[in-house]
Structure formats: C-alpha cells, structure tokens
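Here's a quick briefing on the greasy middle and the ring pairs of a protein. Take a look at the model first.

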Amino acid sequence: MIDSAQGKPAGRVELYTQMPMVNWLGPIELLKTGMRAAVATTLGAFADPREVQSLLNPQANNPPLSMPRAGFAEPAWVDYLADTGDGWNSTYSMAWCASRDLQLAHQGSKLDLPQGRALLLGGDQVYPTPAQGAYRTRFLDPFRAAFPAPVPDSPEEANNNKPVQSVERRWMLATPGNHDWYDGLRGFGQLFCSGKPIGAWDTVQRTSYYALQVCEGWWVWGLDLQLESSIDGPQLHYFRGVLERLQPGDRVVLCAPEPSWVDEAERVAREDKSLSTLETQTPRFSSLRQVEELLGDRLALVLAGDSHHYAHYAPRAGTAAPQRITCGGGGAFLHGTHQLPAKPDPIRVDGVRQHYTLQCAYPDAAASKTLRNRAWRLPTRNASFCGMLAMLYLMFTWMVQSASKIPHPVLGNRSLMESLSGLPFAWDNLWTAWLRLAAAMAHSPSSVLFAAAVVLGAGAFSLTGVKRARALAFFAGAVHGMLHLGLAVGLLWAMGTFNLGTLNFEVDSWRQVALFLVEVLGFGGTLGGLLFGVWMVLTNSVAGLHAEEVFSSQCIADNKCFLRMRFERDRLTVYAIKLEKVCRRWTVSPGVHLERRVKSTWKLRVPPGSATGPRFTPATPLQPALIEDPIVIERQGTTP
C-alpha cells in the first residue's frame, strides 16, 4: 500500500531487538550489576522513591482501580506473569502465550482459557538492570511485538507515538522487584506509572503499588516491598484506606515481590526456639506479615515471583490460611526446586501458626536435579567466564615464574617452570611441586596476596545465599580457590614438561612464551570452567551450596510458567500453565513486511488493518499445558 500524497509506503515502522539471555557469570556483567546494586541499596537507605510517588499522587488522586467491563463477558479473567525481561526467546514466548486465548487439555477434555483482561506483572521486569535501554530491548520489544497496538489508517498518525484505542483495551499492572529498583524506580515509573500504553495494553497505575477491584467480591493488591522488603508509611496508609472500601465477604489476592514466607520458614527452623517471639521481625517477612494481618481472613491467595519456578504451598486442610504460590517463570533463567522444603516450619501471622505443604512444584525435584547436574558443561556455555579464569591462571603463573628467576636452592637455581619440567608429571610428585611453588612465592609478596584474594574470594562466593553453617560454606569455598591455584600450577608444570622437555624450547624464547599463552588460555579456560561447573554440582548435591549459580550459569530458557485466573462472584480458579520448550526460531507474521535486519534488530513496516496479531510467529508451535489441576478458592471458605 502506498500513500499517494507522499509516495511512501503506508503503515507504521517498528523496531524490535531480539536480545540473548543475560550472561550472569560474565565478568563485565557481574561488575556492572554489582555496582548498580550497591549504589541502589546505598541511595535507597537515604531516599525512598515511593515516598516521592506518594507526594506526587496523594490518596485523593490515586483511588483504587476497577477492572474495565466494557467489551468483555463475565467472568473476569486475569493473568499473572513474573520475572520477565531476560532473553528474547523466553520472554517473547511467554508474552505470546499471555496475549492470546488458550485451549488446554485436562482430564480428557479441553479447557478454554480466554486472555486476561489485565496482565499482572509480579516484579523484575528487566534483567540485569534498567541501564542502557534494557527496558526497551528486554521488556518493551517482546511485549509490544506479542500484543501490538492497532496501526492507524492515516500515514500521518501511524508514527506519531499516540496510542490507538480499541474496544477491548486491556490493562497491564506491575509491581517492582529488586532489579527494577536498581535505578531508583526511575525507569519503572516512566514505563508503568505515566499512562503510556505498552502495545495494546494500557498502563493505569500511578504508583509502584496498587489496589485493583477485579469484580464484585474480589480484589488484587500489588505491594512494593523492595529493596529491603520494608513497607513505607504512605503505602501502608494507602492500603488501610483501600481496606475501608472493602465490603463484607470481599477477598483479596496479594502480589508480593518475593516468596519471603519460604525464607522465613527456613530461618525459623534454624533459630533458637527461645527467640520465637522474634521470628517474624526480619524486614523480608515483617512487611508482608503487616499487610496480611491488616487483611485477616479476607486474604485468599499470596502470589510472588523472584524465584524462577512454580511452587504451590497449600495450607493445612480446614484452616483459613491463604494459598501461597511462587510463579516466577516469565522469561528469566530457571531456578531449581529440589531444595524447596516439602513441609516448612510453620510461620506466625497475627499470632496464628500457619502450616503449609508443598502441593506441586515445576519442574519437579527429579527434573530439577537433572538440570542442575548439567552445570558441569560450563565451558560450552560461558566462554567469557572461562576466559576470565584462564586470565587468573596466567597472572598467577606469571607472578611466580617471574619471582623464581631469583636463584633458590630448592629450585636448583632454576626458574619454577624449568624446575617443574624436570619433575615427572605424576601424583607422587605433587608435594614436591607444592614445595617448589612455595619457594618461588617466598620471593613474591604480590603472588601471596593474589593467591589469598583467590582463596578468600572463592570462600565469599560460596556464602552467597547460605543461611546456615556459613563457616563450613566458607571453608568449602576456600578449598575451591585452592583447587584453582593448584590447576594453575598444574598447567605450568604440564606445559613446562611439554614445551621445555618435549619441544626443547628455551624457557624465555618468544616461541615458548607465545605457545604458553595459547596453552593457558585454551586448556586453562576449558579445565577451569570444567572444575568450576563440577564443583558447583557436587557442593550443591552434598551441601546445597551455589543454589543460584548452578542454574544462573546455565541460562536455561525453557521450563517457563504463568497463571491464568478466573474470577467469579463466589470463587476464584487458578490455572497454572507451563511451557516446557520456548521457541528459538521466529518468522515474520503474514502481512508484516521486513524492511531490514541488522544483527539482532529487525525493522518492520506494518500496513494498517492487514496485521493485528503478533509481529513474529513461532517456527514450531508453542505447546502450553497445565502444571497441576486447577486450584479453586471459594470466596467464603477455604480451598475444597
């Protein structure tokens, strides 16, 4: 179609960037994310952007939201998706599923699950941080492409960035996670609290927290409890005001940023029971508990993301405790489930002990362990991290080899590499090799400091996420660091034996030095990555260490999940949906014209009226399915 007035093709030009998954062990990524997290945490201790939001949006101008009814038939359908904004394949696959009607098999029949009127985002909409346009490339692009806004008929209006209204406008509401907070909520506020549409979804909230009346008798409350999971005064005042609007018999679904009830149960299990009165005083859980106590028996369900899997904890039969579901499978790398407690210690809310049982987890524990065990393949998955390990080996061997040029009787007045090259490469000679290494390091304080940094750094790395037996975890990490130092010396020994003994190169000849560099970078990176991966698998299997890293290092895009909820006056039905395999090959949808592709960025032109669906179609059909039987929560009782 051609615009006759200007002679240009009609339609809207759209750009989409298909980003790979975040390399969580990439050295540069680790450094940038760590710095931004530290800055955000430090600044957050002095200035709370939620209080600024409350000043700009006083409660009188920020009333609770009410779900739109026009253009929709009853009952009310709502989707829940958390931890999006990582790689394109996983995020777009989930956005694609959440933006259309689904028909799923269940007990020999078909379930028709219409697309939700509202899409609730449960936190961490972008990874690793909002910096450098990450919201656009990792969140906006996949969601706008999956559920795009209509294209105006007028060429003048097609590219003016004004929203095009349709009869069935749907809402998107979000609560921030810790990654959304890494720029002080600036990007989050611009994206979700300014009234700008995201594709065909409207954003209607004014603050990072909200209250939504879904239908008669049912509400959703979205909480902002980051970074330290402490609720601010204005937010608590807001929800107290909303509580006064609830009618007798109304029930509430809470959207929390993290499943702090699991962490609290684990903490209570290791606390001295004489301190039980303090068991809910930690910031992570106390804020959620405060809101739960505010609601009392009105609370029906608590949803959370942050952990990238599905876990349904059901309360003891006959009690009024809420159902608790973790559903963080919106696109980020997979977290394991094999370390989830089957029956966590009860938590105390408003003086009542709530007992829970793990009803269902996805992936299940056996599949989780199988996926965990694949972390030994680190050299094939993370070349940059393995390259960093190789550089550490090179720096250490360079230091000790240079120091060994000072004559030493233990080394036979030769350099360390020359001394080791004459020592047969065998287990029986390990102690002798260590003694010669110690003799070289005695002349090099820098190598001693470097080795200490490696050992202490590995020990600190093992403490990540550890809540008990921290001294033992640190010792295990120190052993890990010693193994890497041993590998570095082993490379020097093996390469010395080959380069000097077999090839007869002189130790300081340029050929030997160049060959040694290639050998350390190649063999060091491969063997170092293998050692790192195997160590994570073993220590996680034996002691539960590296629960995060053993999965984040793999960047598993598959095994995703989200919730589709059916709200009726007398009950809520929750459908937990999984996607075993995400799509990795996409084709431009019919009616959409590909004008240009530069690396991972696609330039499309969409004529008006000819293409109203997703911009990219999966080359192989996506196959969503139910994780477990639908969860039914009665409005006036407990789950049957």
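Rings of Phe, Tyr and Trp (its six-membered ring) pair if their centres lie within 6.5 Å; planes under 30 degrees apart count as stacked, over 60 as edge-to-face and the rest as tilted. By that rule, the structure holds 23 aromatic pairs. It's a predicted model, where local features need pLDDT of at least 70 and side-chain atom pairs count only at pLDDT 80 or more, while totals for chains, interfaces and linings use all residues. Residues are numbered from 1 along each chain as its sequence is written, and side-chain values use heavy atoms, with hydrogens and water left out.

**Aromatic rings**
- Trp 88 and Tyr 92 are stacked, because their ring centres are 4.8 Å apart and their planes sit at 10°.
- Both Trp 88 and Tyr 92 are buried (under 20% relative accessible area, with exposed over 50% and partly exposed in between; 1.4 Å probe, protein chains only).
- Tyr 238 and Phe 239 pair edge-to-face, at 5.1 Å centre to centre and 80° between the planes.
- Tyr 238 is buried at 4% relative accessible area, and Phe 239 is buried at 0%.
- One aromatic cluster is made of Tyr 16, Trp 88, Tyr 92, Trp 586, Trp 602 and Phe 616.

**Nonpolar cores**
- A nonpolar core is a set of buried Ala, Val, Leu, Ile, Met, Phe, Trp, Tyr and Cys residues joined through side-chain atoms within 4.5 Å.
- The largest one has 52 residues, and Phe 139, Phe 143, Met 172, Phe 192 and Phe 616 touch the most other members.
- Apart from that core lies another, of 44 residues, including Met 441 and Val 550.
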